[in-house]
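Here is a short tour of a protein model, told from the inside out. Keep the structure open while you read, and click along as we go.

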Amino acid sequence: MICVYILNPKTMNFWEDHSLMSLFNSLKLSVFTCVWHLSFIVSSSMTLTSHAMVMYNSSGIFMFIFSVITLKTLHKLEIIGYLLFSLGYLWLLMDTTAAKAGNESHIVLGDLISTGGAVFGAIH
């Protein structure tokens, strides 16, 4: 939270900001970001790095789902792009031949952890 103020010295001043809601929102942002990043670290140790990266960066698909749920208007190319991404995403999830070299891996669990972290990234 302090980093936000350090990086924006012209527009924000920590000592003059007495808004409890602003500080609470910064704390929420920090928690969601921390969970998002920790899910990537944990899933990278359990699954293939390529799976972890794709699923970690899939927060956009969850923002798309949130937009559909809240009935926001979407461009047709945006819909097509997310449908294509979803097909590739499902293809990765159903890859039964994927294995991590060197140690026992938990591919499906690592994929699910990374996907759960992407939800926190979308909420963030």
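## Starting from a histidine

Histidine 51 lies in helix α3. One thing to keep in mind from the start: this is a predicted model. Is histidine 51 buried or exposed? Histidine 51 has a relative accessible area of 2%, so this residue counts as buried.

What does histidine 51 touch, leaving aside residues up to four places away in sequence? The list is Leu92, Asp95, Ala98, Ile107 and Asp111. Tyrosine 89 is worth a look as well: histidine 51 and tyrosine 89 are 38 residues apart in sequence, yet their C-alpha atoms are 9.0 Å apart in space.

## The chain as a whole

Let's zoom out for a moment. The protein chain has six helices and zero strands, and reading along the sequence gives the pattern α-α-α-α-α-α. The chain has 124 residues, and 26% of them count as buried. If you take contacts between residues at least 6 apart in sequence, 70% of them join residues at least 24 apart.

## Helix α3 and its partners

Back to α3, which spans residues 49-56. Two packed helices are described by the angle between their axes and the distance between the axes.

| Pair | Angle between axes | Axis distance |
|---|---|---|
| α2 and α3 | about 160 degrees | 9 Å |
| α3 and α5 | roughly 145 degrees | within 11 Å |
| α3 and α6 | roughly 25 degrees | within 8 Å |

Take α2 first, which covers residues 20-46. At about 160 degrees, α2 and α3 are therefore roughly antiparallel to each other. The crossing of α2 past α3 is right-handed. On the α2 side, the contact uses Trp36, His37, Phe40, Ser43 and Ser44, while α3 brings in Ala52, Met53 and Tyr56. Sorted by class, the contact of α2 with α3 has five nonpolar residues, three polar ones and no charged ones.

Next comes α5, residues 76-93. The crossing of α3 and α5 is left-handed. His51, Val54 and Met55 are the α3 residues here, and they meet Phe85, Tyr89, Leu92 and Leu93 of α5. The contact of α3 with α5 includes six nonpolar residues, one polar residue and no charged residues.

That leaves α6, residues 107-123. How are α3 and α6 oriented, parallel or antiparallel? With a crossing of roughly 25 degrees, α3 and α6 are therefore roughly parallel to each other. α3 passes α6 in a right-handed crossing. From α3, the residues in contact are His51, Ala52, Met55 and Tyr56, and from α6 they are Ile107, Asp111, Ser114, Thr115 and Ala118. The contact of α3 with α6 splits into five nonpolar residues, three polar ones and one charged one.

## A serine in α6

Serine 114 is found in helix α6. Its relative accessibility is 0%, so serine 114 counts as buried. Without counting residues up to four places away in sequence, serine 114 touches Ser39, Ser43, Ala52, Met55 and Tyr56.

Now compare leucine 38, which is found in helix α2. Leucine 38 counts as partly exposed because its relative accessibility is 46%. Leucine 38 and serine 114 are 76 residues apart in sequence, with their C-alpha atoms 9.0 Å apart in space.

How many aromatic pairs does a search of the whole structure find? The search turns up five. One of them joins tryptophan 36 and tyrosine 56, a stacked pair at 5.1 Å centre to centre with 25 degrees between the planes. Tryptophan 36 lies in helix α2 and tyrosine 56 in helix α3, so this pair ties together parts that are 20 residues apart in sequence. Both tryptophan 36 and tyrosine 56 are buried. Ring pairs also bring in Phe40, linking Trp36, Phe40 and Tyr56 into a cluster.

## Out in a loop

One last stop is leucine 71, in the loop between α4 (59-69) and α5. Leucine 71 has a phi near 60 degrees, a positive value in a residue other than glycine. Is leucine 71 buried or exposed? At a relative accessible area of 74%, leucine 71 is exposed.

Methods:
Residues are numbered from 1 along each chain as its sequence is written. This is a predicted model: local features need pLDDT of at least 70, side-chain atom pairs count only at pLDDT 80 or more; totals for chains, interfaces and linings use all residues. Side-chain values use heavy atoms; hydrogens and water are left out. Axes are lines fitted to C-alpha atoms, for helices over the stretch in contact, and angles run from 0 to 180 degrees between N-to-C directions. Helices (H or I, at least four residues) and strands (E, at least two) are DSSP runs, numbered from the N terminus. Angles under 35 degrees count as roughly parallel, over 145 as roughly antiparallel, 65 to 115 as roughly perpendicular and the rest as oblique. A crossing is left-handed if the near helix is turned anticlockwise from the far one by less than a right angle, and right-handed if clockwise. Contact means heavy atoms within 4.5 Å. Ala, Val, Leu, Ile, Met, Phe, Trp, Tyr, Cys and Pro count as nonpolar, Asp, Glu, Lys and Arg as charged, and the others, Gly among them, as polar. Rings of Phe, Tyr and Trp (its six-membered ring) pair if their centres lie within 6.5 Å; planes under 30 degrees apart count as stacked, over 60 as edge-to-face and the rest as tilted. Buried means under 20% relative accessible area, exposed over 50%, partly exposed in between (1.4 Å probe, protein chains only).
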